[in-house]
Amino acid sequence: MATLEILMITHNRLEYLKKALPSVLAQTYQDWALGIWDNGSNKETVEYLKTINHPRVVVYFHPTNESLAKVTSEVFQRCSAEFVGKVDADMIIPPDWASRL
């Protein structure tokens, strides 16, 4: 299990997600895992998420769109890492973001 679990919740944010994901993958801190929760997105976003194949990334699909507060609460309850960080699907984070937490 990774020391840091990074959470990302997305809903129809494909153009931003394509920019945000590489910034997470480029972290200099190496003991992390990324959980991406799709919150009932459209077909294009779902299809993109299905193509992600990285050993540290797990994608979860929620069939319907729920409130961000509800999904965030559910996501945090599932976390088991020592530390948890949350990034939005439109955030481009610097490579040392995780190491500074």
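## Loops, cores and a helix face

Thr28 touches Pro95, Asp96 and Ser99, leaving out residues up to four places away in sequence. Here, contact means heavy atoms within 4.5 Å.

This is a predicted model, in which local features need pLDDT of at least 70 and side-chain atom pairs count only at pLDDT 80 or more, while totals for chains, interfaces and linings use all residues. Residues are numbered from 1 along each chain as its sequence is written, and side-chain values use heavy atoms, with hydrogens and water left out.

Thr28 sits in the loop between α1 (14-25) and β2 (32-39). Such elements are DSSP runs, numbered from the N terminus: helices are H or I with at least four residues, and strands are E with at least two. The C-alpha atoms of Thr28 and Phe83 are 16 Å apart, and the two residues are 55 apart along the chain.

How exposed is a residue? Buried means under 20% relative accessible area, exposed over 50%, and partly exposed in between, with a 1.4 Å probe and protein chains only.

| Residue | Relative accessibility | Class |
|---|---|---|
| Thr28 | 52% | exposed |
| Asn12 | 34% | partly exposed |
| Ser41 | 13% | buried |
| Ser23 | 8% | buried |

Ser23 belongs to helix α1. Setting aside neighbours within four places in sequence, Ser23 is in contact with Met91, Ile92 and Ile93.

**Ser41 and Asn12**

Ser41 lies in the loop between β2 and α2. Asn12 lies in the loop between β1 and α1. What links them? The backbone nitrogen of Asn12 is 2.8 Å from a polar atom of the Ser41 side chain. Ser41 also makes a polar contact of 2.4 Å, side chain to side chain, with Asp38. A polar contact is a pair of N or O atoms within 3.5 Å; within protein, one must be able to donate a hydrogen and the other to accept it, and residues adjacent in sequence count only if both atoms are side-chain atoms.

Beyond residues up to four places away in sequence, Ser41 touches Thr10, His11, Asn12 and Val46. Asn12 has a positive phi of about 55°, although it is not a glycine.

**The nonpolar cores**

A nonpolar core is a set of buried Ala, Val, Leu, Ile, Met, Phe, Trp, Tyr and Cys residues joined through side-chain atoms within 4.5 Å. The largest one has 20 residues, and Ile6, Met8, Val24, Leu34 and Ile36 have the most contacts inside it. Two or more of its residues come from each of β1 (4-10), α1, β2 and α2 (43-50). Helix α1 gives the largest share, five residues.

Which residues does Leu34 meet, apart from neighbours within four places in sequence? They are Ile6, Met8, Leu21, Val24, Arg56, Val57 and Val58. A separate core has six residues, including Ile9, Trp37, Val71 and Cys79.

In helix α3 (residues 68-78), Val71, Thr72 and Val75 are buried. Viewed down the axis of α3, its buried residues fall within an arc of 100°, so they line one face of the helix. The arc is that of the directions from the helix axis to the C-beta atoms. An α-helix has 3.6 residues a turn, so residues three or four places apart point the same way.

What covers the buried residues of α3? The cover includes β1, β2 and β4 (83-88). On the other side of α3, Ala69 and Gln77 are exposed.
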